[in-house]
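Student: Could you take a close look at how the domains of this chain are laid out and what is packed inside them? I would enjoy one connected walk through that part.

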Amino acid sequence: MARVLLISCNTTREPYPVYPLGMTMVAEAVREQGHEVRQCDLLQMDSQSQNVEEVVQSFRPDVVGLALRNIDNIDSADLDAYTDAYGDVSRSVRAATTAPIVLGGAGYSLFPDVLLEQVDADYGIVGEAEVAFSELVEQLTAGGPPVQRILRGDEPLSGARIGALARAQELASFYLQEGGMLNLQSKRGCAHRCAYCTYPLLEGCTYRFRPPADVVNEIEMLRDRFGAEYIAFTDSVFNDQQGHYLSIAEELVRRKNQVPWMAFFRPQRFDRRDVDLLTRAGLHAVEWGTDCTTDATLAGLCKDFTWAHVETSNRLFAGAGVRNAHFVIFGGPDETEQTVQEGLANLDHLDNCVVFAFCGVRILPGTAVHALAVEQGVVKRSDPLLPARFYYSSQVDEETLHETVMHRFDGRIDRIYPMGDELDRVKVFHRLGHRGPIWDLLLDGKGRRQQSRRGAEK
Ligand code: B12
Ligand code: SF4
């Protein structure tokens with residue numbers, strides 16, 4: 001039996017603290033192999049003034065895994081990069097043990113070679129790692145370490161094997177205090193091909209659905225054993241074309257679920273009865289992967305819906321009492337000064353919702369936007385994309401675009417740009433017992449809007 005220490009290195013609180021679900025899934029898989037596992041989390045440790053060296057010295061691990069969820073906040077207007085801090089964690093681990101360090105997580109999987117060097121680790125696992133990490137632990141502790149340092153998760157888990165029937169108790173309590181929310185996955189994969197998106201690269205292009213009964217069992221476990229008062233689905237996109245998401249809703253209704261939940265949705269043509277089913281199942285808030293604000297720019301990012309779908313989806317869900325937030329990016333492929341104006345006007349007509357805007361598309365390796373950026377000479381093929389590089393259409397001026405979006409959103413509490421500390425004024429409500437994503441409070445007029453930061457700087 002080996003002693004395995006897992007450390008979640010994510011310390012960002014934007015837009016709110018997120019329970020390290022990937023780390024827990026890997027931890028549970030390794031525990032099932034009979035190893036002793038300890039999970040810790042830098043965000044929680046910071047709040048308790050614990051340090052990494054002490055934890056490592058007291059646990060005396062044989063293997064240390066670092067979970068790297070985020071690389072940066074993908075926000076060109078207020079960029080925050082996290083990778084230097086990951087190097088500090090690795091140095092602290094090395095100061096306390098000679099155990100091998102293994103990197104993994106969504107952020108790591110996007111930049112495996114660069115991060116293995118930058119963070120100074122021994123091994124890295126790209127992609128899902130329940131099986132691959134368990135195997136690596138066996139190899140490392142049996143004295144037969146692999147020759148390759150970067151390993152790729154082999155056979156993707158089937159839907160029935162995805163999920164974790166436990167959370168780390170201390171961590172769950174911490175995240176519950178910070179918002180009452182825990183998270184889970186109902187499937188892996190995304191069958192769409194949006195030009196900027198890494199999700200199909202991370203989870204594959206075909207869906208692997210979990211049985212609805214398993215998903216609802218996990219929700220009930222989060223409620224009964226851990227006290228979750230709100231659930232966030234982490235699926236890349238909750239509403240799949242096959243309608244599996246409706247089977248989950250049906251199971252939730254059958255079990256009389258009372259826990260409110262939220263998920264990422266893709267705008268599409270919805271049936272009113274489906275929206276009714278979702279609300280009866282407890283759907284409270286939707287984060288829409290709208291991404292663009294005109295038909296031309298939606299086509300530019302290869303989104304397979306139109307602005308009419310965005311409007312009707314928003315109207316239907318808002319009409320059913322669901323809280324809506326749209327995430328949009330200005331400046332992507334085919335953006336022009338005219339589409340910016342048209343897009344801002346379209347947003348003006350989108351009622352009962354919060355809009356989060358970004359300018360410039362974070363170029364991530366292996367995406368179609370990456371290929372386009374290389375083709376257009378925006379970045380060299382050899383550019384590691386760390387630090388972050390952003391794609392802007394050649395038909396817009398970056399600074400004018402920032403000013404235009406800022407100016408148009410100024411004075412509106414439900415229009416957020418840049419993300420930065422815009423949500424800080426409502427975050428206090430989590431501590432006061434509010435449960436949910438907190439942007440929903442903006443729809444109730446909570447939080448005062450100050451002068452725009454860029455405007456105030458002048
Ligand atoms: C859901 C989601 C969100 C939700 C989270 C809701 C919630 N309450 O959980 C919200 C909208 C809040 C969100 C916010 C953000 N997100 Co987000 N999010 C995701 C998404 C879609 C799924 C993440 C997830 O939980 N997956 C489920 C778990 C089980 O999978 P996993 O973590 O990948 O774990 C597996 C492997 O990675 C691996 N693994 C994990 N840990 C470890 C550890 C070791 C040692 C090993 C070996 C392996 C390993 O094995 C696990 C099991 O198979 C991913 C994209 C994606 N499809 O992965 C982006 C993603 C993680 N997010 C990203 C970003 C940038 C952000 C934000 C910074 C954006 C912002 N500016 O607000 C914030 C940060 C939030 C925070 N506090 O950390 C990026 C990170 C990469 C990057 N560019 O930096 C991703 C990859 C999307 C992208 N743009 O490519 N996010
Ligand atoms: S943006 Fe959403 S729908 Fe498009 S590929 Fe990514 S996860 Fe799938």
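Tutor: The chain is divided into domain 1 (3–152) and domain 2 (180–457), with bounds that come from an automatic or database domain assignment. Taken over C-alpha atoms, the centres of domain 1 and domain 2 are separated by 27 Å. To the contact between them, domain 1 gives 25 residues and domain 2 gives 37 residues, where contact means heavy atoms within 4.5 Å.

A word on the ground rules. This is a predicted model, in which local features need pLDDT of at least 70 and side-chain atom pairs count only at pLDDT 80 or more, while totals for chains, interfaces and linings use all residues. Residues are numbered from 1 along each chain as its sequence is written, chains are lettered from A and ligands numbered from 1 in the order in which they are written, and side-chain values use heavy atoms, with hydrogens and water left out.

Now the chain as a whole. Its secondary structure comes to 19 helices and 17 strands; these are DSSP runs numbered from the N terminus, helices being H or I of at least four residues and strands E of at least two. The C-alpha trace spans about 65 × 55 × 40 Å along its principal axes. A compact globule of 458 residues would have a radius of gyration near 23 Å, and the 22 Å of this chain agrees with that; the radius is taken over C-alpha atoms, and the globule rule is 2.2 Å times the number of residues to the power 0.38. Of the 458 residues, 57% are buried, where buried means under 20% relative accessible area, exposed over 50%, and partly exposed in between, with a 1.4 Å probe and protein chains only. Among contacts between residues at least 6 apart in sequence, 74% join residues at least 24 apart.

Let us go inside. The largest nonpolar core has 87 residues, and those with the most contacts inside it are Ile-7, Leu-66, Leu-68, Val-93, Leu-103, Phe-330 and Phe-356. Strand β14 (residues 353–359) supplies the largest share of this core, seven residues. Both domain 1 (3–152) and domain 2 (180–457) contribute at least three residues each to this core. By nonpolar core I mean a set of buried Ala, Val, Leu, Ile, Met, Phe, Trp, Tyr and Cys residues joined through side-chain atoms within 4.5 Å. Val-93 touches Ile-7, Val-52, Val-56, Val-64, Leu-66 and Ile-101, not counting residues up to four places away in sequence. A second, separate core of 64 residues includes Tyr-123, Ala-129, Leu-222 and Leu-316.

Val-4 is found in strand β1 (residues 3–8) and is buried, with a relative accessible area of 0%. Leaving aside residues up to four places away in sequence, Val-4 touches Val-30, His-35, Glu-36, Val-37, Arg-38, Phe-59, Val-63, Phe-133 and Val-137. Ala-99 is found in the loop between α4 (83–96) and β4 (101–104), and counts as buried at 5% relative accessibility. Again not counting residues up to four places away in sequence, Ala-99 touches Pro-61, Asp-62, Val-63, Val-64, Arg-94 and Asp-122. Although Ala-99 and Val-4 are 95 residues apart along the chain, their C-alpha atoms are separated by 9.6 Å.

A few backbone details deserve a look as well. A cis peptide bond joins Glu-14 and Pro-15, with omega about -10°, and Pro-15 lies in the loop between β1 and α1 (21–32). The peptide bond from Tyr-417 to Pro-418 is also cis, with omega near -10°; Pro-418 lies in the loop between β17 (415–416) and α18 (424–431). Leu-385, in the loop between α16 (368–375) and β16 (390–391), has a positive phi near 65° and counts as buried at 1% relative accessibility.

Asp-291 lies in strand β12 (residues 283–291), has a positive phi near 70° and is buried, with a relative accessible area of 5%. Asp-291 is also one of the residues surrounding ligand 2, among them Cys-190, His-192, Cys-194, Cys-197 and Lys-303, each with a heavy atom within 4 Å of the ligand.
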